[in-house]
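Hello,

Here is the structure we talked about handing over. Please open it alongside this note.

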Amino acid sequence: LPVSAVQGTPGARNSTYATNIGPTFAHFGHRPVVPQPNQAVTVSVIVSDPQGVASSTLWWSTDSSTWSSAAMTSSGGVYRGTIPGFSAATLVQFYVQATDGQGASSTYPAGGPNSRALYTLNDGRAVSGKLHNLRIVMTKSDADWLHAITNVMSNAKLGATVVYDEKEVFYDVGVKLQGSEHGRYEDNRVGFTM
């Protein structure tokens with residue numbers, strides 16, 4: 001087979017090089033995982049940057065409404081912010097935006113307002129006991145699109161947050177329906193691929 005004479009850029013800058021990409025993030029999460037009605041939620045994340053971190057802001061939206069924000073405070077490199085409590089079953093979408101000492105900004109999850117870091121206030125639907133509980137948390141518009149009869153056979157993965165046993169959280173997960181065309185739009189037969 002013919003082989004290209006150009007095989008990457010070892011030791012040299014490539015096409016994605018940037019002089020300053022903004023802060024990076026680690027250990028992003030929210031607590032409590034499934035808050036009770038009117039209970040505030042704390043979002044925490046480690047933010048770091050070689051140019052220092054000038055600011056970090058927590059953004060949130062309820063049920064796909066307008067975005068609200070609050071400055072995050074730092075303690076030992078861990079930034080924390082609080083989202084106020086809301087009524088039962090309210091869907092909250094959130095992300096963090098940070099700026100470094102030279103003015104470069106970045107968000108986590110990377111998609112910012114288009115990402116899917118989500119939680120829902122306790123709606124009483126969790127099943128506890130012998131079975132494991134799995135919550136697939138999606139925006140209403142994404143869930144409506146996923147379950148529309150014209151889209152049930154789509155293999156497009158839509159963004160979601162998955163909560164396992166009300167304790168372990170996986171943000172920005174791709175979700176699609178699985179199974180036959182007859183079961184994909186029936187509540188008692190539908191399956192998911194995540």
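Which residue in β6 is the bridge partner of Ser 44? It is Arg 80. This is a predicted model, where local features need pLDDT of at least 70, side-chain atom pairs count only at pLDDT 80 or more, and totals for chains, interfaces and linings use all residues. Residues are numbered from 1 along each chain as its sequence is written, and side-chain values use heavy atoms, without hydrogens and water.

**Strands around β6**

Strand β2 (residues 41-48) pairs with β6 (residues 78-83) through six bridges, antiparallel. Strands are DSSP runs of E with at least two residues, helices are runs of H or I with at least four, and both are numbered from the N terminus. Two strands pair if DSSP finds at least two bridges between them. β5 (residues 73-75) is also antiparallel to β6, with three bridges. Here Thr 73 stands opposite Arg 80. Two residues separate β5 and β6 in a hairpin. Gly 76, in the turn, has a positive phi of about 65°.

**The four-stranded sheet**

An open sheet runs in the order β10-β11-β12-β13, with antiparallel pairing. β10 and β13 (191-193) are at the edges with a single partner strand each, so one side of each has no neighbour in the sheet. Six bridges link β11 (residues 158-164) and β12 (residues 168-178). Val 162 has Phe 170 in β12 as its bridge partner.

**Lining classes**

The lining of the largest pocket has 13 nonpolar, four polar and five charged residues. Nonpolar means Ala, Val, Leu, Ile, Met, Phe, Trp, Tyr, Cys and Pro; charged means Asp, Glu, Lys and Arg; the others, Gly among them, count as polar. A pocket is an open set of points on a 1 Å grid over the protein atoms alone, where a 1.4 Å probe fits, with protein on both sides within 12 Å along at least five of seven lines; lining residues have an atom within 4 Å of a point.

Best wishes
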